[in-house]
Amino acid sequence: MKTEHEDLSPDAERFGRIIEALDRRPVRLPARMRAAVMARIRAERSSAWVRTWTWLAEPRLSPLAAGVALAAGIVALLLFRPQVQTGSRELAGAGSVTVPVRLVFLAPQAARVAVTGDFVRWDPTGIPLVGPHQNGVWSVELQLSPGLHHYIFIVDGTEWRPDPNAASQVDDGFGQKNTVLLVPVQKVS
Amino acid sequence: MRVFVGLVVLAHAAIAALAAQDRPVIESRLDPQTLAAVRAIIDSARRDSVPLQALEDKALEGAAKHVPVGRIVGAVRQLSVELRDARALLRAAAPRAALADGEIVAAADTRRRAVPAVEVSRLRNHVPATAPLVVALTVLGDLVQRGIPADQAREVIEELIAAGVSAQQIADIPTRMDVGLRVGAPPLDALRSALPIPLRPVQRAPTPLRPNPSRRALP
């Protein structure tokens, strides 16, 4: 007794040979037809969002290259971004020159000491001093523009004290004193 | 793909952080009420060519010291008046000379330290354009604070500048003078021993503002 599948197998084999033969035959399209199809494809452009997403999603750039490019961009931003103006009290003609200035403060009992002033736009946290060294001395070296500066020490984050070693102090307008620091650079001619 | 999106997000965060850094400092540190009041004073001061950063700094200083709003605004307003007066004083003394913001701030500081306006004006009038006026004004205030009469202090500075003494040497005088004061020397003696060069003795006499006063030294 023959099954249904055995009855169809000769036909299946014949169709298979025909399809195999068709696949191997080269497809030649008329030139006009090719041009028409490409024109139609170009006319149906995808939306901007789809094109942007496609551009982002397609792996044109390796992650390593992208990382290098990004790092270079950030470095460029840091190097060439506009600088904050701090020259209102600078000496005329001093330009962008800075002068090393060492500040010391005696505070044997302090846990931390910082200095703030116009050179850091009165940043409430200030620049930390290093210490305490021997005999409770704290110190820091700053690079300051030549000119007149006002500053004050912050002891343990709460106590504001002028520099007792400085040449002069001036009323701060709030009932306390600021230290006056004169940073000269020019030679008097 | 995920790495790329992550990098883009990172770049966005970095750029946003940089933009926040470049925002005017007073906007980020002052509360809206103080900011509005300080802005009004600064806008007024701008018309008078007063150094604006000094006013901003005074407001920032008050905020850092946790001073109440009213006192911050009062201090900024007071400084604005002092800077305006100092600018007028310097401008009147030398109408054609260039005037730097630092010189105006230094003159205001000197006036705050009880130096008479006439001595600031005379010093401005006699200090050459090439000499650092900021140093001269600041040391004038330092010497007056240490008990030297303002006219004599001003004349000493003028003598030193005329003799070609460096700005650094002039700036060091108050600290050197403190050595003498600490052992009980009278201010004039302490000053004399702190000078980098001996000055010629001349008789003391009041000096007119114009024409150029004769230079005198310590008695």
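Chain B exposes about 10000 Å², and carbon and sulfur atoms supply 58% of that area. Accessible areas here come from the Shrake-Rupley method with a 1.4 Å probe; for residues, only the protein chains shown count as cover. This is a predicted model: local features need pLDDT of at least 70, side-chain atom pairs count only at pLDDT 80 or more, and totals for chains, interfaces and linings use all residues. Residues are numbered from 1 along each chain as its sequence is written, chains are lettered from A and ligands numbered from 1 in the order in which they are written, and side-chain values use heavy atoms, without hydrogens and water.

Chain B has eleven helices and zero strands. Helices (H or I, at least four residues) and strands (E, at least two) are DSSP runs, numbered from the N terminus. Of the 219 residues in chain B, 48% are buried. Buried means under 20% relative accessible area, exposed over 50%, and partly exposed in between (1.4 Å probe, protein chains only).

Take helix H10 of chain B, residues 167–182. H10 bends by about 35° at Ile173(B), and Pro174(B) follows within four residues. The bend is the angle between axes fitted to the seven residues ending at a residue and the seven starting there. Buried residues of H10(B) include Ala167(B), Ile170(B), Ala171(B), Pro174(B) and Met177(B). The buried residues of H10(B) pack against strand S8 (177–183) of chain A, and against H8, H9 and H11 of chain B. Just after H10(B), Gly184(B) takes a positive phi of about 95°.

The largest nonpolar core has 71 residues; Leu55(B), Leu83(B), Leu143(B), Ile157(B), Leu160(B) and Leu191(B) touch the most other members. A nonpolar core is a set of buried Ala, Val, Leu, Ile, Met, Phe, Trp, Tyr and Cys residues joined through side-chain atoms within 4.5 Å. Beyond its neighbours within four places in sequence, Leu55(B) is in contact (heavy atoms within 4.5 Å) with residues including Ile42(B), Val76(B) and Leu83(B). A second, separate core of 20 residues includes Ala110(A), Val115(A), Tyr151(A) and Leu181(A).

Finally, the loops. A cis peptide bond joins Gly131(A) and Pro132(A), with omega about 0°. Pro132(A) lies between strands S3 and S4 of chain A. Asp156(A), a residue other than glycine, has a positive phi near 55°. Asp156(A) counts as partly exposed because its relative accessibility is 32%. In chain B, Ala114(B) has a positive phi near 70°. Ala114(B) sits in the loop between helices H6 and H7.
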